[in-house]
Amino acid sequence: MAKRVAVIDIGSNSVRLVVYEKTSRFAFHLLNESKSKVRLSENAYQNDGNLQEIPMQRTIDALKDFLSIISSYNARKTLCVATSALRDAPNKKKFLQRVKKELKLNIKIINGEREAYLGAIACANLLPSQKDALSIDIGGGSTEMALINDKNVSNTLSINLGTVRMKELFCDEKKKNEAIEYIDKKLEALDGLKASTLVGIGGTFRAISNAIMKNKNHPLNKLHAFSYSSTELDELISSIMKADETELKDLGIKSDRFDIIKPGALILQRVLKKLSITNVITSGVGVREGAFLADLLRGSKDKFPEHYNSSARYILDSHISEKGISNQLNSLVKKLFDITHEHLGIDASYRKDLSIAAKLYPCGNDIHFFSKNKHSYYILQSALEYGFTHNQITLISTLCKYAKKKLPSSAHIQKYSKLLPEQKTLNALSYLLSLSVSLVAHRPRNIDFKLVFNDGVLKIDSTESLRLCRESVNKLDTIEDFKVIF
């Protein structure tokens with residue numbers, strides 16, 4: 001696969017471009033993301049589905065600019081997919097021929113089931129693991145759904161429900177009952193399906209989640225993997241359905257969504273009514289990421305290897321030049337955790353987060369040695385994107401911020417209290433990472449000491465003097481009922 005790959009997603013409402021760069025076999029990062037609200041399907045549903053001249057020209061103009069961006073990055077492969085706006089249009093050949101002639105761009109129109117599958121594999125691979133989850137992508141012309149269990153995707157379906165379609169068919173407020181009847185009839189496709197989590201893809205869902213996130217004063221400014229209850233979603237939808245434009249703004253809905261937010265919210269409301277959803281998680285990825293992953297992972301059944309995380313690998317590839325110390329810290333902190341976590345009262349589930357923090361802690365060093373903790377914190381909080389909950393991202397970045405320094409400050413704990421473990425656990429995890437960093441202060445080629453732990457006393461046994469280690473350990477903030485001796 002090419003090192004740089006561009007993906008164009010042509011939807012009913014917007015066209016989007018992403019450009020990815022691989023850093024190793026399965027690791028990648030985003031170089032560019034561009035979007036244009038072309039409303040390709042504008043007035044189409046009132047004209048037997050035929051695309052209209054002005055929206056087509058807007059889309060071609062946007063695609064031309066996209067190709068300029070792709071060229072500037074020297075991307076060696078471009079994947080261009082189109083969804084319901086084109087697959088539904090009787091005059092789609094006219095548009096495809098114009099694009100081919102004017103832009104030399106080949107567009108692949110994917111069917112609804114493929115669209116649902118691509119969105120779902122993006123979620124299955126790039127969100128924290130989900131069980132009994134239904135992905136839902138409310139587009140302009142159609143809504144795609146699929147069941148997700150771990151990395152397995154099933155029950156893909158596409159139904160002719162979309163924000164632009166609903167707006168044009170039932171634009172009059174007096175037709176709300178007709179719209180509900182239309183939606184409920186389409187949602188009969190979900191009969192017998194069991195799901196407890198709703199995974200939201202696409203602009204409508206992100207707009208609603210963004211409003212909830214801001215209204216909750218969520219401490220982490222990251223929409224991908226933002227989770228909340230179905231009750232919170234239902235309450236905001238009810239408010240949206242009753243709101244005028246001023247009230248929509250007060251609710252946190254951006255003005256460019258005013259005209260289509262209510263049709264999308266109504267579809268969501270009817271889905272919630274039909275299914276026993278309790279949890280909601282927001283996806284920042286969708287069809288375009290799915291198209292990229294289907295290409296990247298085509299030899300591994302569209303799944304990352306077990307225990308593999310693309311974001312962690314990207315940080316390791318791009319920001320850690322000396323892998324040896326990273327591996328040492330990872331190995332050492334796991335040993336420390338295994339022999340002390342029961343005494344310290346730390347749940348075993350924190351082992352993974354602590355080991356990732358240790359492995360990635362050196363990432364800030366390549367930016368500036370004397371402020372490496374600050375840079376590690378920023379890199380991890382920002383770039384530790386895929387496959388982690390907000391709680392995990394906050395914990396891992398916090399541990400690296402305070403490694404080999406004082407224990408986490410009360411101000412930091414207060415700011416992120418919704419996402420961090422209780423203080424005793426946090427302090428213990430922070431101390432174990434700091435202790436690991438201190439114990440390799442002399443940067444040995446191989447670990448030259450043994451760890452023995454009994455009754456709250458950790459003995460560091462070595463034939464070497466370990467002078468730098470002793471001095472470094474003695475400077476650490478201590479935790480209750482824990483002592484280190486050499």
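This is a predicted model: local features need pLDDT of at least 70, side-chain atom pairs count only at pLDDT 80 or more; totals for chains, interfaces and linings use all residues.
Side chains of opposite charge can pair when their charged atoms come close. In the model, the count of salt bridges comes to 25. One of them joins the side chains of Arg-87 and Glu-115, with an N to O distance of 2.8 Å. Arg-87 belongs to helix H2 (residues 84-87) and Glu-115 to helix H4 (residues 112-126), so this pair ties together parts that are 28 residues apart in sequence. Both partners fall under the 20% cut-off for burial: Arg-87 is buried with a relative accessible area of 18%, and Glu-115 counts as buried at 6% relative accessibility.

A second salt bridge is formed by Lys-216 and Glu-232, whose closest N and O atoms are 3.2 Å apart. Here the link runs between distant parts of the chain, 16 residues apart: Lys-216 sits in the loop between helix H7 (203-215) and strand E10 (227-229), while Glu-232 sits in helix H8 (residues 230-242). Lys-216 is partly exposed, with a relative accessible area of 30%. Glu-232 also counts as partly exposed, at 25% relative accessibility.

The loop between H7 and E10 supplies a partner for another pair as well, namely Lys-222. Glu-385 forms a salt bridge with Lys-222, and the closest N and O atoms are 3.0 Å apart. Glu-385 is placed in the loop between helix H15 (372-383) and helix H16 (390-401), and the two residues of this pair are 163 residues apart.

Asp-9, Glu-33, Arg-288 and Glu-289 are linked in a network of salt bridges.

Some charged residues call for a separate look. Arg-257 is buried yet has no salt bridge. The nearest side chain of opposite charge is that of Asp-256, 5.1 Å away. A salt bridge requires a side-chain nitrogen of Lys or Arg within 4 Å of a carboxyl oxygen of Asp or Glu. Arg-257 is located in the loop between H9 and helix H10 (258-274). Leaving aside residues up to four places away in sequence, Arg-257 touches Asn-13, Lys-35, Lys-37, Gly-203, Thr-204 and Ala-207. Two of these contacts, Lys-35 and Lys-37, are residues of a type that counts as positive, as Arg does.

Asp-244, Glu-245, Glu-247 and Asp-250 form a negative surface patch. Of these residues, Glu-247 lies in helix H9 (residues 245-251) and is partly exposed, with a relative accessible area of 38%.

Attention now turns to the interior. Val-333 is part of helix H13 (residues 323-344) and is buried, with a relative accessible area of 1%. Beyond residues up to four places away in sequence, the contacts of Val-333 are Leu-354, Ser-355, Ala-358, Leu-432, Leu-433 and Ser-436. The C-alpha atoms of Val-333 and Val-437 are separated by 8.8 Å, although the two residues are 104 residues apart along the chain. One of the contacts of Val-333, Ser-355, is found in helix H14 (residues 350-360). Ser-355 is likewise buried, with a relative accessible area of 9%. Seen from its own side, and again not counting residues up to four places away in sequence, Ser-355 touches Asn-330, Val-333 and Lys-334.

Backbone angles complete the picture. Phi of Lys-104 is near 60°, a positive value in a residue other than glycine. Lys-104 is in the loop between helix H3 (92-103) and strand E5 (108-109), and is exposed, with a relative accessible area of 67%. His-307 has a positive phi of about 65°, although it is not a glycine. His-307 lies in the loop between helix H11 (287-296) and helix H12 (310-319), where it counts as exposed at 78% relative accessibility.

Conventions:
Residues are numbered from 1 along each chain as its sequence is written. Side-chain values use heavy atoms; hydrogens and water are left out. Patches are made of residues with over 30% relative accessible area and no salt bridge: like charges are joined within 9 Å, nonpolar side chains (Val, Leu, Ile, Met, Phe, Trp, Tyr) within 5 Å. Accessible areas come from the Shrake-Rupley method with a 1.4 Å probe; for residues, only the protein chains shown count as cover. The place of a charge is taken as NZ of Lys, CZ of Arg, CG of Asp or CD of Glu. Helices (H or I, at least four residues) and strands (E, at least two) are DSSP runs, numbered from the N terminus. Buried means under 20% relative accessible area, exposed over 50%, partly exposed in between (1.4 Å probe, protein chains only). Contact means heavy atoms within 4.5 Å.
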